[in-house]
Amino acid sequence: MINKRLGILGGGQLGKMTCLAASEIAMSVSIMDHNRDDSPAGNLCTSFVAGDITNYADVMSFGNSVDILSIEIEKVNVKALYDLHEQGKTINPSPGIISLIQDKSLQKSFLIDNNLPTSEFVKVSDKVELMDRFNSGNIKFPFVQKLCKDGYDGRGVLICRKFADMNEAFDAPCIIENLVDIDHELAVIVCRNKFRQTAIYDVVEMVFDPNANLLDFQIAPATLDTFQTLKIQKMAYEIAEAIDLIGILAIELFMTKSGEILVNEMAPRPHNSGHHTIEACQTSQYENFLRSITGLPLGSPETLSSSLLVNLLGSQDYQGPVNYSGVERILSIPNTHLHIYGKPTSKPFRKMGHVNVLNPAKNKEIEYLNEIKSSFKTYK
Ligand code: ADP
């Protein structure tokens with residue numbers, strides 16, 4: 001299988017780390033994205049094809065040039081994937097999984113139909129319907145409005161607690177969810193190959209930056225009791241079986257203040273919540289992603305070391321060519337692994353890299369976090 005030509009739609013940091021894992025076994029990876037210079041994976045892939053991954057013709061021609069097609073972002077032209085699949089192309093994860101996950105209302109219905117716990121929701125087709133349902137008492141504060149399609153990193157999510165918040169409401173197909181009383185946010189990654197071999201990683205705890213709406217830091221494994229961990233891993237297994245997953249799937253969850261576990265959303269590709277697996281686990285999510293989509297045996301997801309993962313974001317007050325500072329201070333923290341994605345341009349809160357601190361001393365986590373965040377700048 002490693003002789004097959006693998007094609008990946010999208011060449012961001014997830015694609016880059018996948019290419020790094022592929023190079024270890026000399027697996028060739030073609031990447032399609034807009035522009036090689038802006039693509040973190042651009043210089044590491046075997047071949048780069050400039051194109052629009054949301055465009056039917058571009059995806060068709062790229063798909064025809066490879067043996068196995070996959071994704072590192074779910075916003076791709078799914079009609080082309082269905083047509084390529086019809087013609088016999090191996091596409092992992094399947095177009096059906098990608099289209100299920102592209103639409104949050106389909107995801108929520110899938111979870112409910114499969115008796116998986118998730119917050120209640122209704123679908124509205126535009127702002128007028130939202131206002132009508134609100135005025136008739138069908139939707140009540142506090143609620144969360146989420147775009148059905150194309151939202152990411154919190155863009156496309158609006159929390160409404162009072163009437164004024166609704167001025168910002170999206171005028172597009174959306175789901176409306178109850179506002180969950182979140183105690184903490186968790187994630188689990190499951191990987192499965194065509195032989196139904198399944199690898200489930202330890203559950204991690206994610207802490208979000210409320211300003212950037214992005215993952216701020218992550219602790220792995222999460223501090224949960226064994227019962228809760230097994231319950232979440234069982235859910236991951238059931239979801240992978242229900243969708244007949246071939247590939248990797250990240251599942252984001254909420255633990256409510258009353259101890260209830262709810263599935264929030266899913267992503268059928270490597271995920272930010274699995275960056276730590278490169279150093280902290282027996283087999284990284286990127287390697288298992290490659291193994292799963294190419295029909296190889298999976299590696300153990302066992303955790304070898306606890307870790308603190310910190311996202312490195314573009315400086316809030318700067319936009320322009322990147323010029324890093326603070327890296328020396330970060331590297332002086334013991335057991336630190338620094339990853340810089342190589343994006344040429346910095347924008348406020350853009351994901352520019354991450355730091356993974358292995359085996360952080362329990363009482364040092366916040367100190368390290370503050371040290372990393374205050375040191376890193378994307379301009380001099
Ligand atoms: P995205 O696809 O943009 O990542 P999410 O569904 O993950 O969107 O939502 C982003 C963040 O908004 C979540 O991590 C969580 O902090 C908050 N959030 C989302 N849904 C709810 C909800 N129903 N109740 C409370 N907070 C929520």
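This is a predicted model: local features need pLDDT of at least 70, side-chain atom pairs count only at pLDDT 80 or more; totals for chains, interfaces and linings use all residues.
User: Let's begin with the sheets. In the open sheet of five strands, what is the strand order, and which pairing does it have?

Analyst: Happy to start there. The order is E3-E2-E1-E4-E5, with parallel pairing. At the edges sit strand E3 (47-50) and strand E5 (90-91), each of which pairs on one side only.

User: How many bridges link strand E1 to strand E4?

Analyst: Four bridges join strand E1 (residues 6-9) to strand E4 (residues 68-71), in the parallel sense. To find your place in the pair, look at Leu6, whose bridge partner in E4 is Ile68.

User: Now strand E16. Which way do its side chains point?

Analyst: The general idea comes first: side chains in a regular strand alternate between the two faces of the sheet. In this structure, Ser307, Leu309, Asn311 and Leu313 point one way from E16, while Leu308, Val310 and Leu312 point the other way.

User: And are those residues of E16 buried or exposed?

Analyst: All of them are buried, on both sides. Seven of the seven residues of strand E16 (residues 307-313) are buried, so the strand is largely enclosed by the rest of the structure. As for its partner, E16 runs antiparallel to strand E20 (residues 351-358), and seven bridges join the two. Ser307 stands opposite Leu358 in E20.

User: Let's turn to helix packing. At what angle do H4 and H5 cross?

Analyst: Helix H4 (residues 95-102) and helix H5 (residues 104-113) have axes that cross at roughly 105° and come within 5 Å. Angles of 65 to 115 degrees count as roughly perpendicular, and H4 and H5 are therefore roughly perpendicular to each other. Ser99, Leu100, Ile101 and Gln102 of H4 make the contact with Lys104, Leu106, Gln107 and Phe110 of H5. By class, the contact of H4 with H5 has four nonpolar, three polar and one charged residues.

User: What does the crossing of H1 and H9 look like?

Analyst: The axes of helix H1 (residues 13-24) and helix H9 (residues 285-293) come within 8 Å, crossing at roughly 70°. H1 and H9 are therefore also roughly perpendicular to each other. From H1, the contact uses Leu14, Met17, Thr18, Ala21, Ala22 and Glu24, and from H9 it uses Tyr286, Glu287, Phe289 and Leu290. This contact of H1 with H9 divides into seven nonpolar, one polar and two charged residues.

User: How about a helix end: which residue caps the N-terminal end of helix H6?

Analyst: Asp126 does, with a side-chain oxygen 3.4 Å from the backbone nitrogen of Val128, at the start of helix H6 (residues 127-135). Just after H6, Gly137 takes a positive phi of about 85°.

User: Single residues next. Why does Gln145 count as buried?

Analyst: Buried means under 20% relative accessible area, and Gln145 counts as buried because its relative accessibility is 0%. Gln145 sits in strand E7 (residues 143-147). A polar atom of the Gln145 side chain lies 2.9 Å from the backbone nitrogen of Phe170. Beyond its neighbours within four places in sequence, Gln145 is in contact with several residues, among them Leu130, Val157, Ala169 and Ile175.

User: Where does Asn264 lie, and which side chain does it join through a polar contact?

Analyst: Asn264 lies in strand E15 (residues 261-267), and its side chain joins that of Lys146 through a polar contact of 2.9 Å. At 10% relative accessibility, Asn264 counts as buried. Residues touched by Asn264, not counting those up to four places away in sequence, include Glu177, Glu252 and Phe254.

Definitions and conventions
Residues are numbered from 1 along each chain as its sequence is written. Side-chain values use heavy atoms; hydrogens and water are left out. Axes are lines fitted to C-alpha atoms, for helices over the stretch in contact, and angles run from 0 to 180 degrees between N-to-C directions. Angles under 35 degrees count as roughly parallel, over 145 as roughly antiparallel, 65 to 115 as roughly perpendicular and the rest as oblique. Contact means heavy atoms within 4.5 Å. Ala, Val, Leu, Ile, Met, Phe, Trp, Tyr, Cys and Pro count as nonpolar, Asp, Glu, Lys and Arg as charged, and the others, Gly among them, as polar. Buried means under 20% relative accessible area, exposed over 50%, partly exposed in between (1.4 Å probe, protein chains only). A polar contact is a pair of N or O atoms within 3.5 Å; within protein, one must be able to donate a hydrogen and the other to accept it, and residues adjacent in sequence count only if both atoms are side-chain atoms. Two strands pair if DSSP finds at least two bridges between them.
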